[in-house]
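Please have the structure open while reading.

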Amino acid sequence: MKKLILPVVLLFCAFLPGKAQNDSIMYTAEYLDTVVLKSARQINDYSLIGVNYGVTFSTMYFNPDKMGTDFRFNPVYFSVMYTHYEKMFGYLPYFGITAGFSYSHSGCTFRNNPETGFPLGYIDGATNVSYTTVEMPAMMQMHIDSAPMKFLINLGGFVGYRLSVERSGEWMDQDYTNKFHDYEYRFDYGIVGGAGIGFMLDPIEIHLNLLARWSMQSLYEPDYFNETFHPNNTYYYRYANPIDISATVGVYFQLTKRSGKTNKQLKKQARDIVYGTSEN
């Protein structure tokens, strides 16, 4: 009886339309010639450093007064930024940090009342005010790569210092044309963020960005007007917070390999082949 089992099983398998027969047809040489293979490029955790140049449009937010301010054009914005990309959870290659130093301007211009011809507002008699600033921005950056382009979103904060001031106006104290008052703040801090696009020409990248900065530090002590002119009525507070929008173009240099295997990975692969070690 046992001798009959094996021949019966083999005979049954021979007439069964099994998966093995279909597989042998699917993977013939003719079929393999029609297969199109696409390799997914590995996006590395990489770093880059770059310089940005652009222009700034500045205005001022006054609270509680609406002062009739216009944007002021400042032709010089310059920054040096270091960026590092790191996979979130070791898998999502969309995140990084960027930080550096910038040289910029803030300020505003006050419009004239069309009916009276007088300015709608001023700061200590000045109707045109410009501050030169240096800042240290630090932002989270999300990047979505679609080679040869990438899309960028930035959000973070900055600390800064107002280096100098330039004022003009008919009613201002001319002694303070380029001089700070005692009640003006020079230390600055706030929120910075924006969006842009990048063109990846490995190992160089060109970045086009729009950045917006909101200063959380008022230009001056909010109650200085009362203490100076109305010492018995110290209930009036006025804040002036700079708002700046910068359009920049940047040239970045990749410090490490952006995609594919790095030199370190290639050396490890060669060592594994020679010595038979396994990859981690």
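## Paired strands

In this predicted model, β3 and strand β4 (residues 92-110) run antiparallel and are joined by 10 bridges. The two strands form a hairpin, with three residues between them. Phe-89 lies in the turn and has a positive phi of about 60°.

β3 (residues 72-88) is also joined to strand β1 (residues 47-63), again in an antiparallel arrangement, by 11 bridges. Tyr-82 can be followed across both pairings: in β3 it is the bridge partner of Ile-49, and its own bridge partner in β4 is Ala-99.

Ser-246 belongs to strand β9 (residues 239-254). Is this residue buried or exposed? Its relative accessible area is 0%, and because the limit for buried is under 20%, Ser-246 counts as buried.

The side chain of Ser-246 makes a polar contact with the side chain of Thr-56 at 2.9 Å. Another polar contact, at 3.1 Å, links the side chain of Ser-246 to that of Arg-213. Leaving out residues up to four places away in sequence, the residues that Ser-246 touches include Val-55, Tyr-77, Asn-209, Leu-210 and Leu-211.

## Confidence in the model

The protein has an average pLDDT of 84, and 80% of the residues score at least 70. Confidence is highest in strand β8 (residues 204-215), at a mean of 97, and lowest in helix α2 (residues 19-26), at 48. Over residues 18-25 the pLDDT is below 50, and this stretch has two contacts in the model beyond near neighbours in sequence.

Terms used:
Residues are numbered from 1 along each chain as its sequence is written. Side-chain values use heavy atoms; hydrogens and water are left out. Helices (H or I, at least four residues) and strands (E, at least two) are DSSP runs, numbered from the N terminus. Buried means under 20% relative accessible area, exposed over 50%, partly exposed in between (1.4 Å probe, protein chains only). A polar contact is a pair of N or O atoms within 3.5 Å; within protein, one must be able to donate a hydrogen and the other to accept it, and residues adjacent in sequence count only if both atoms are side-chain atoms. Contact means heavy atoms within 4.5 Å. pLDDT is the predictor's confidence in each residue, from 0 to 100. Two strands pair if DSSP finds at least two bridges between them.
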